[in-house]
Structure formats: C-alpha cells, structure tokens
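User: I would like to learn how to read features in a protein model. Can you take me through some, with the general idea before each case?

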Amino acid sequence: MNKRISRSLLALSVLIVASLACSLADLTGGPLLQDDFSGDSNWGTGTDSDSSVEYASDALRFQIYRDNYIVWSTPNDEVYENIHVEVTVNPGDSDVDTAFGIICYQQNPITDSYYYMVITPAGDYAIAKAALALTDVFLTNDDQWAVSDLIEKNKSSYRVGADCGNGTLTLYVDGQQIASVNDTTYTSGGVGLQVWSGADVSTADISFDDFVVTKLESK
C-alpha cells in the first residue's frame with residue numbers, strides 16, 4: 001500500500017458536551033462509551049464525491065470512491081486517556097488492501113493529529129502516528145506495513161482492539177495481540193474509526209458495529 005495519503009474534507013467530527021452517562025460509567029467501572037449504531041448517535045456523517053460515512057443497517061458504514069484515501073469519523077470531543085477500544089468490522093466486498101481500524105488520542109480541537117491501528121483483509125497491519133501537515137509514521141516494522149499470521153485472511157468480520165495508555169499502544173485482532181509499541185507523543189485525546197483505501201482499490205465498503213471504550217488498568 002502506498003504511504004502517500006490524502007484525507008477527506010468531509011466534516012466527519014461533531015462537537016458535543018460529554019454526557020452524564022459517560023461520567024457515571026467512569027465512576028462505576030462500566031464502559032466510558034458504547035455504541036451499537038442502532039439508535040440515536042452522534043458520530044460524524046456525510047457524503048461527497050470521494051467518500052461517504054452514513055448509518056446503515058444498524059452499523060456505521062464507510063465507503064470510499066477513490067484510491068489511497070483516508071476517511072475518519074468521531075463520536076464526540078471527549079478527551080480520554082488510558083483506554084481500551086474495541087469494534088467489530090465487516091469488510092464486505094472491500095478490496096483486500098483496504099485498511100480499517102481505530103483512532104485514539106486525537107488532539108483537540110479535532111485535527112489530523114492522532115494514533116491509529118489498522119489491519120487489512122490480506123493480513124497487513126500498522127500502528128501509526130498522524131500529525132497535522134506531516135507524513136504519517138508507522139511505529140511498527142520500521143515504518144512499513146507488516147503482515148501477521150494471526151490475522152485470518154478475508155474473514156467476514158473482525159474484532160479489532162486497541163490499548164492506548166501508559167505510553168504503550170497495542171493492537172489486537174479477534175482477541176490476539178498483534179503488535180505493541182511505545183510512544184508518548186500524545187497522552188490523551190479523542191477516539192474514532194478510520195478507513196483507508198488501497199493504492200489500486202476498486203471497492204472500499206466497510207461497516208463498523210459494537211464499538212466500546214473502557215478504562216485501561218494502570219500498570
């Protein structure tokens with residue numbers, strides 16, 4: 001996959017006040033944020049000639065109509081730290097080079113500065129750092145895509161997880177740890193979901209479901 005990227009100009013983030021439910025969850029040890037996309041929700045949505053993010057069939061559906069393009073969406077402007085994030089991903093008929101996964105520690109006001117952990121149906125993965133106006137840096141595999149035998153190829157769905165906290169970023173797929181790196185550039189921030197079309201992608205059509213954020217235990 002080509003490392004050169006462009007990001008969507010869609011307004012895919014929304015600014016809302018953190019809910020009382022999230023505050024209570026933090027105190028009681030329950031999820032900090034949970035969404036099955038079946039009811040009212042606050043994720044950024046929109047459609048233009050390059051891409052689309054919309055609610056569909058009780059999921060959040062990302063479609064990209066051009067190659068080598070990143071689109072992301074966020075649920076709020078809440079600042080999180082030391083968290084575990086999980087989401088179920090259905091790649092559908094997407095090209096095997098389509099990358100999808102989790103954003104954490106997105107800097108506020110919401111910008112292109114954040115960490116992301118993504119995989120592809122071909123078994124590729126990356127833990128990466130994006131910074132405003134700079135080229136993304138892969139923190140795994142010497143700044144290159146890596147392949148893991150632990151990522152089953154061309155599954156109908158994946159459960160992608162990410163630890164973001166205590167100076168460590170860890171990627172999980174279907175309950176198995178894929179990779180872990182240390183980086184302290186960002187120590188808190190927002191969460192989100194991301195899809196990246198491949199260099200020669202013909203179809204990028206990804207649906208996300210059962211998103212949850214929980215507190216990561218301190219070490």
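User: How exposed is Arg159?

Analyst: Start with the scale. Buried means under 20% relative accessible area, exposed means over 50%, and partly exposed lies in between (1.4 Å probe, protein chains only). Arg159 has a relative accessible area of 22%, so Arg159 is partly exposed. Glu86 is partly exposed too, at 26%.

User: Where do these values come from?

Analyst: This is a predicted model, in which local features need pLDDT of at least 70 and side-chain atom pairs count only at pLDDT 80 or more, while totals for chains, interfaces and linings use all residues. Residues are numbered from 1 along each chain as its sequence is written, and side-chain values use heavy atoms, with hydrogens and water left out.

User: Which residue forms a salt bridge with Glu86?

Analyst: First, the rule. A salt bridge is a side-chain nitrogen of Lys or Arg within 4 Å of a carboxyl oxygen of Asp or Glu. Here Arg159 is the partner of Glu86, and their closest N and O atoms are 3.0 Å apart. Arg159 sits in strand 13 and Glu86 in strand 7 (residues 83-90), so the pair ties together parts that are 73 residues apart in sequence.

User: What counts as a strand?

Analyst: Strands are DSSP runs of E with at least two residues; helices are runs of H or I with at least four; both are numbered from the N terminus.

User: How many salt bridges does the rule give?

Analyst: The count is five. One of them joins Asp50 and Arg66, with closest N and O atoms 3.8 Å apart. Asp50 is in the loop between strand 3 (46-47) and strand 4 (51-55), and Arg66 is in the loop between strand 5 (60-64) and strand 6 (69-73), so this pair ties together parts 16 residues apart in sequence. Arg66 is partly exposed, at 34% relative accessible area.

User: Is Asp183 buried or exposed?

Analyst: Asp183 is buried, with a relative accessible area of 14%. Lys129 counts as buried as well, at 19%. Asp183 and Lys129 form a salt bridge, their closest N and O atoms 3.7 Å apart. The two lie in distant parts of the chain: Asp183 in the loop between strand 15 (176-182) and strand 16 (190-196), Lys129 in strand 10 (residues 124-130), 54 residues apart.

User: How many disulfides does the whole structure have?

Analyst: A disulfide is a pair of cysteine sulfur atoms within 2.5 Å. The search finds one. Cys104 and Cys164 form it, with sulfur atoms 2.1 Å apart. Cys104 is in strand 8 (residues 99-106) and Cys164 in strand 13 (residues 158-165), distant parts of the chain 60 residues apart. The angle about the S-S bond is -95°, a left-handed link. Both cysteines, Cys104 and Cys164, are buried.

User: How do I read the backbone angles?

Analyst: Most residues other than glycine have a negative phi, and most peptide bonds are trans. Now look for exceptions. Phe37 has a positive phi, near 60°. Phe37 is in the loop between strand 2 (33-35) and strand 3, and is buried at 3% relative accessibility. Asp142 also has a positive phi, about 55°. Asp142 lies in the loop between strand 11 (137-138) and strand 12 (146-147) and is exposed, at 75%.

User: Which residues does the cis peptide bond join?

Analyst: Asn108 and Pro109, with omega about -5°. Pro109 is in the loop between strand 8 and strand 9 (114-119).

User: In which sense do strand 14 and strand 15 pair?

Analyst: Two strands pair if DSSP finds at least two bridges between them. Strand 14 (residues 168-173) and strand 15 pair in the antiparallel sense, over six bridges. Thr170 stands opposite Ser180 in strand 15. This hairpin has two residues between its strands, and Asp174 takes a positive phi near 50° there.

User: How many residues are in the largest nonpolar core?

Analyst: A nonpolar core is a set of buried Ala, Val, Leu, Ile, Met, Phe, Trp, Tyr and Cys residues joined through side-chain atoms within 4.5 Å. The largest has 47 residues, and those with the most contacts inside it are Ile119, Leu193, Phe208, Phe211 and Val213. Strand 17 (residues 204-215) gives the largest share of this core, five residues. A second, separate core has 14 residues, including Trp72 and Trp196.
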